Amino acid sequence: SKAPDLAAAERHYDEALRIDPRHRNALEYSGELYLMKGDLDKAQARLATLGSECGASGCQQQAQLQAAIERYKAAGNKYVPSNW
């Protein structure tokens, strides 16, 4: 199968976030994209944005990106797709 076009995906997420910087799904997906690209710092920045966006109670997107970052670190800084 063909590898995903990460650059095109990043352009689409960036455009979505330009239109709506608080779009939770775009924040989560772009954070996971950064993990795929090996950019933990940018993924953590997306998580921080979700943290302020979702507030003290948190939200599903924040929890999912947090879990993805934890899997990434546990795998020795390699992206591990979720199985749910």
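**Salt bridges in the predicted model**

Four salt bridges are counted, a salt bridge being a side-chain nitrogen of Lys or Arg within 4 Å of a carboxyl oxygen of Asp or Glu. The model is predicted, so local features need pLDDT of at least 70 and side-chain atom pairs count only at pLDDT 80 or more, while totals for chains, interfaces and linings use all residues. Residues are numbered from 1 along each chain as its sequence is written, and side-chain values use heavy atoms, with hydrogens and water left out.

- Lys-37 and Glu-10 form a salt bridge with an N to O distance of 2.3 Å.
- This pair is 27 residues apart and links distant parts of the chain, with Lys-37 in the loop between helix H2 (24-36) and helix H3 (40-54) and Glu-10 in helix H1 (residues 6-19); helices (H or I, at least four residues) are DSSP runs, numbered from the N terminus.
- Glu-53 and Arg-22 also meet through their side chains in a salt bridge, at 2.8 Å from N to O.
- Glu-53 belongs to helix H3 and Arg-22 to the loop between H1 and H2, so this pair ties together parts 31 residues apart in sequence.

**A pair within one helix**

- Arg-18 and Glu-15 form a salt bridge, their closest N and O atoms lying 2.8 Å apart.
- Both residues are in helix H1, three residues apart, and are therefore separated by about one helical turn.

**Exposure of the partners**

- Glu-10 is buried at 15% relative accessible area (buried is under 20%, exposed over 50%, partly exposed in between, with a 1.4 Å probe and protein chains only).
- Lys-37, at 43%, is partly exposed, and Glu-15, at 36%, is partly exposed.
- Arg-18 counts as exposed at 58%, and Arg-22 counts as exposed at 54%.

Methods: Helices (H or I, at least four residues) and strands (E, at least two) are DSSP runs, numbered from the N terminus.
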